[in-house]
Amino acid sequence: MKGMLERTQKRMGRVYIPFVLVLLSIILFVIMFHSVLPRSLDVKLYQVAEETIRANATVEDREKTIEAQKLAQENVNPVYRYNTSIATTKIANLNFLFAALDEASGQLEKKKAEPVVETNKTVVAAISEKERLSILSEKMKNTNDQAEEFVRLLPNWVLIQLLDADNSSLKSIKDATIKSVEQEMGRSIKKENVSAIRQTAKDQLEYTDLSVPNQRIVALLIENSIVENDIYDGKATEIAKVEAKERVQPALLLQGQVIVQEGHVVDPNAMHQLKLLGLLDKQTSYQPMIGLIILVITHALVLYFLGSAKKEERIEFGRCITLYSFLIIFGVFLMKGLQLIQNAGANYLAMLYPAALFPLLLTLFLSRRFGIIANGFLAAFSIFIFIKDAGTSFSIIITLFYLLSGMMGTMLSRKNQRKQLYTSFVWTTIFNGLFLIAFIYYLNIQIFSREGLMVLCYGMLSGLISYVLAIMLNPYVEVLFVDNAILTMTELANPNQPLLKELLTRAPGTYHHSLMVANLSANAVGAIGGDSMFARVACYYHDVGKLRHPFFFVENLPTGMENPHNMLAPEESKQIIFNHVTEGVKMLEGAKMPQSIIDICAQHHGTTLMKYFYVKAKETDDSVTEADFRYPGPKPQTKEAAVINIADSAEAAVRSMAAPTKEEIAKFVHNLISSRISDGQFDECDITLRELKLVENSICEGLNGTFHSRIEYPSLKKEEQEK
C-alpha cells in the first residue's frame, strides 16, 4: 500500500498534497452536510408536534421585551419628597398669629380704657367686630405673606373669639395647637392621608383641658395647619420609570431551548416563537453551513501550513497527510453515525464515541502534533454534527469531553503501545471517568441515578474502546502505511515465500547463513531497543542477490568443488561479489518488497573494502585503488542496518574459523566494529558507541552459542562394541 501511495505521489508531484486536502475537505463536508442542512418546519397551529423543536439560534422576542418594559414602568411607585420646611412654615404662621393677637388685644384694651363724653355723660367706648378685625389685620401686615394668608383663611368668628379670650385661654389654645401640629407634621403626610391625620389630631383634643369652644378653635387651626408635606416628585418618578425600563432583561429565545415538545399541541405562543426564529420561513438560515465550510477550509489550511512549516520531504509528508485523512474521515463518519442513532432515541450515546482513538493512532504513527490537530478539529466538528443540541448543557459537555478525552490519547509515547498497557488504560479510561464525574455534577444530575450512571459508563467505555481499537487497528494501519508492519513482516518471514524457497533450493548455504545472521541481528537490535522483527526478516532477504551466481559464494560450494574464483581475475570476482548487492536490490524491487527491506539489502555491506580481492589485485597491478574494490553502498542509514552490517561479516568470518574460542570471537567482533567505526561506516546512522557496545556483547553471545567448542567423545574399541 505504501509503495502504491509513493508511486501515486511521484506521478502527481506537488499536486498530490493539495489534491488530498481538497478531497478530504469535500468528504468531511458531505458527511456533516445533513447536520447543518437548512430546513423549514411543517407545523400548524393547534396541531400535535411530531418532533421536539429547539431554537436554532439565540434571538430576542421584541414584543415580549416591550410588554415587560411597560409592566415594569407601571409597577414603579410614585416618588415623594418629604418637605420639612412646610411644618416649619405652618408653626411660624401660628406663632405669628398668636403674636399678632397679643398685640391686637393690648391695643384693644387701651382703646377700651379711653372715656367717651356724650351729653354730659362719660361712658366706655364700645369697639365693633369690624374694628377689632381691622386692628388684627393691621398687626398681621408686619408678618410675611404666608402668615397673612393663613389668617385670612380663618373665619371671622374664630378671630373674634381669639381676640376676646383671656391670656390663659389664649396660651392653652396656642400650646395645644402647636403641639398637635408639630407632632403630626413631624412625619411625612401624603395627600390621600391628610384628612385622616387631621381627624386623628382633632380627636386627641377631647383628652385635653380645653373647653368645647376652645377645642373648636384649635380644631379649625389644625385644619388649616396640617397639610400634605410628602410632595409628589414627577421628575424623579419619570427617572425611576426609565431606570425600571432599562433594568428589564431582553426576552431571549436561547439556542437549544425547547420551543415545542414532541407530542404537545402547538399553541399561538409557540407559533410566534417559531416565526421569530425563522423556522416557518421558506428561506431558512445558511449560517451554520457557512460556518462548517469555513472550519473545513481552515482545517485544510492548517495541515498544508504544517507541511510547509516543517520543511519535510514531500513524499513523507504526503504519506502523513494520507494516513491523517483516512483516520479523520473514519472518526467523523463514526461520530455522525452515533449522532443519528442518538437522535433515534438512544440518549447520551454520543458519550460512547472513542474520542481518544484517532489522536492516539496519529500520535503513534505520525507525531504528537498531528494528534493534537486531529483532537482539536474533531471536537470542533462535533459542534456541527450535534447542532440539534446546540445551546444545551449537553452540547457543551460533548465538545469538552471529546476535547479532553482526545487530549489523553496524545499523552502516550510513540513506542509500542502494547508495552504501555497500564499507562494507556489510565490515560484513556480512568481519566475519562474523572472528567465525566465532574461533568455529571455540573449538569446537576445525581451520580447514582440512571442518567448519571449511563453517562459515566458510556464515557469510560469510550476510553476502553479507544484503547482496544487502537490495539486491534495498529497492525492493519501499519500494513497500509508502514514498511515494517508486523503483519507484513510475519508474512515475509514465511519460508514459503517464493524468494526464500528459491534461496533454500538453489543456495542452501546462503539460506543458512541468512538464518544465522537473522538470529544474531534480531537479538542485538532488541538489545538497543530497535525493531527486532524487522531486522530478522530483512536478514532473510539481504543476500538474495547471490541467487544469480550461487556457486561463486563459498557457503554454497558443494564438497570437493573447486572455488570458481580461482579461475577468474580479481576484478571479475569483485564484480560478481558486488553484483549480489545490486542484483539483490533489483530482485527485491521486482518482487514488490517493502522499501525498508530493499534498503537493508543495499546497505548491508555499506562501502566496505573487499580486502581479499583487493590484495590479490594489488599483487598484480600496483595502480589498483581501494575505491575500485569498495561496495557501492550506501552506508547504513539506520540502527538496524548497522547491526546487520556487523552481524553479517561476523557470522561469515567466525564460521570460517577452524575452532573459534570465546576469546577469539570476542577479539574479532571488537576489532570488526572498531574498524567499521574508523572506516566511517556508521557516520550516516544514529547508532551510539554505547549501543555498539551492547551490539558487540549480544553478537558475541550469539556466536559463542552457535560455534561453541564441543567435547570430543572417545570411541569404543571394536571388541567392546561387539559385547
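**Aromatic pairs**

I looked up ring pairs in this predicted model and got a count of 13 aromatic pairs. I picked out Y353 and Y402, whose ring centres are 4.8 Å apart. Their planes stand at 50 degrees, so I logged the pair as tilted.

Next I checked where the two tyrosines sit. Y353 is in the loop between helix 14 (314-343) and helix 15 (357-365). Y402 belongs to helix 17 (residues 393-409). The pair therefore ties together parts that are 49 residues apart in sequence.

**Helix 27 against helix 29**

Two packed helices are described by the angle between their axes and the distance between the axes. I looked up both for helix 27 (residues 639-655) and helix 29 (residues 689-706). The axes come within 11 Å and cross at roughly 35 degrees. I noted the crossing as right-handed.

Which residues make the contact? From helix 27 I listed K639, V643, I646, A647, A650, E651 and V654. From helix 29 I listed E691, L692, V695, I699 and L703. Sorted by class, this contact has 9 nonpolar and 3 charged residues, with no polar ones.

**Second largest pocket**

Rolling a probe the size of a water molecule over the atoms shows where empty space is left. I went to the second largest pocket and read a volume of about 1200 Å³. The lining has 35 residues. Closest to the pocket centre I found H605, M610, Y612, Y631 and A652.

Which helices supply at least two residues each to this lining? I wrote down helix 24 (570-590), helix 26 (611-620), helix 27 and helix 28 (662-678). By class, the lining has 13 nonpolar, 11 polar and 11 charged residues.

**Backbone checks**

Most residues other than glycine have a negative phi, and most peptide bonds are trans. I looked for exceptions and noted two.

The peptide bond from G633 to P634 is cis. Its omega is near 10 degrees. I placed P634 in the loop between helix 26 and helix 27.

K592 is the other entry. Its phi is near 60 degrees, a positive value in a residue other than glycine. I found K592 in the loop between helix 24 and helix 25 (595-603).

Definitions and conventions. Residues numbered from 1 in each chain as written. Predicted model: local features only at pLDDT ≥ 70, side-chain atom pairs only at ≥ 80, totals over all residues. Heavy atoms only, no water. Axes fitted to C-alpha atoms, helices over the stretch in contact; angles between N-to-C directions. Helix = DSSP H or I, 4+ residues; strand = E, 2+ residues; numbered from the N terminus. Left-handed = near helix turned anticlockwise from the far one by under 90°. Contact = heavy atoms within 4.5 Å. Nonpolar A, V, L, I, M, F, W, Y, C, P; charged D, E, K, R; others polar. 1 Å grid on protein atoms, 1.4 Å probe; cavity = no way out; pocket = protein on both sides within 12 Å on 5 of 7 lines; lining within 4 Å. Points joined across faces, edges and corners; volume = space filled by probe spheres on them. Phe/Tyr/Trp six-rings, centres within 6.5 Å; stacked < 30°, edge-to-face > 60°.
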